[in-house]
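Open the model in your viewer and keep the sequence panel beside it. Each stop on this tour asks you to select something and then says what is there.

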Amino acid sequence: MPMSLCTPKTLLFLAGLIPALANPSLAQNIEGVAESLSERVLFVTSGGAWEETVNPGPNETGETNDGKAAEPQIKAEAQAADNASPDVAEATPPTAPQRGYYRLVALRGPDNRSLLHLQQIALTGDGPELVLSIEVEEINALGAYVTDIRPEDSTGAASQPGFAAYIYLKTDPTMVEPETWALYVDEFGDIVVEKSSN
């Protein structure tokens with residue numbers, strides 16, 4: 001039986017598969033993510049922006065130029081650079097700043113009350129990468145039920161470093177209207193959580 005030629009529809013379908021075949025890691029990283037999320041995830045919102053210099057150059061006291069203590073890895077790299085010969089130190093290219101965005105995650109705790117986590121996500125060549133995750137104690141200590149989370153800015157493009165979001169919660173599930181709390185992260189990474197006056 002003779003083999004028939006491909007139809008134009010088949011050719012278009014095969015042409016559409018070429019990018020996916022050329023980059024199989026892209027398909028593997030995305031596929032199944034939604035299905036693999038825990039059933040305890042209530043809300044996730046992201047936004048804002050942050051930027052960090054990876055190799056700021058600590059001074060003699062072990063502090064960076066901005067007065068904050070250097071991370072151990074950064075200290076080790078600085079000591080290695082000090083011990084290296086001048087030719088090696090000059091050959092080391094400066095590292096690009098690490099950039100990313102913030103993510104706020106509400107989870108259903110074991111007692112069905114909500115637990116809130118603030119995360120820093122780095123934008124890397126391999127895709128988003130979790131850098132830091134901390135509990136938002138001011139909210140978690142309330143033993144509340146988070147009913148919604150909304151970012152202050154929903155344009156999707158942060159023009160300034162930092163992050164702001166509103167958390168809607170009920171300390172008693174029978175409450176008609178939720179309380180509104182605000183979470184702010186400034187350009188230095190300092191976090192403020194307060195009950196909103198609105």
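The tour goes from confidence to the sheet, then to the core, and ends with charged pairs.

**Before you start**

This is a predicted model, in which local features need pLDDT of at least 70, side-chain atom pairs count only at pLDDT 80 or more, and totals for chains, interfaces and linings use all residues. Residues are numbered from 1 along each chain as its sequence is written, and side-chain values use heavy atoms, with hydrogens and water left out.

**Stop 1: confidence**

Colour the chain by pLDDT, the predictor's confidence in each residue, from 0 to 100. The chain has a mean pLDDT of 75, and 64% of its residues reach 70 or more. Select residues 1-28: pLDDT stays under 50 here, and the model has 1 contact beyond four places in sequence for this stretch. A contact means heavy atoms within 4.5 Å. Next select residues 58-81, where the pLDDT is also below 50, but with 20 contacts beyond near neighbours in sequence. Where pLDDT is low, the predicted coordinates should not be read in detail.

**Stop 2**

Strands here are DSSP runs (E, at least two residues), numbered from the N terminus. Two strands pair if DSSP finds at least two bridges between them.

Zoom in on β7 and β8, which are joined in the antiparallel sense by 5 bridges. Tyr184 has Val192 in β8 as its bridge partner. Is Ser197 buried or exposed? Ser197 has 75% relative accessibility and counts as exposed; the classes are buried (under 20% relative accessible area), exposed (over 50%) and partly exposed (in between), with a 1.4 Å probe and protein chains only.

**Stop 2: the nonpolar core**

A nonpolar core is a set of buried Ala, Val, Leu, Ile, Met, Phe, Trp, Tyr and Cys residues joined through side-chain atoms within 4.5 Å. The largest one has 20 residues, and Leu104, Leu116, Leu118, Val136, Phe163, Ile167 and Leu183 have the most contacts inside it. The largest share, 4 residues, comes from β6. Select Ile167: leaving aside neighbours within four places in sequence, its contacts include Leu104, Leu116, Val146, Trp181 and Leu183.

**Stop 3: salt bridges**

Side chains of opposite charge can pair when their charged atoms come close. A salt bridge is a side-chain nitrogen of Lys or Arg within 4 Å of a carboxyl oxygen of Asp or Glu, and the count by this rule is 4. Select Glu51 and Arg99, whose closest N and O atoms are 3.0 Å apart. Glu51 lies in strand β1 (residues 41-52) and Arg99 in strand β2 (residues 98-108), so this pair ties together parts that are 48 residues apart in sequence. Glu51 is partly exposed at 48% relative accessibility, and Arg99 is partly exposed at 45%.

Finish with Arg150 and Asp148, another salt bridge, with 2.7 Å between the closest N and O atoms. Arg150 is partly exposed, at 44%.
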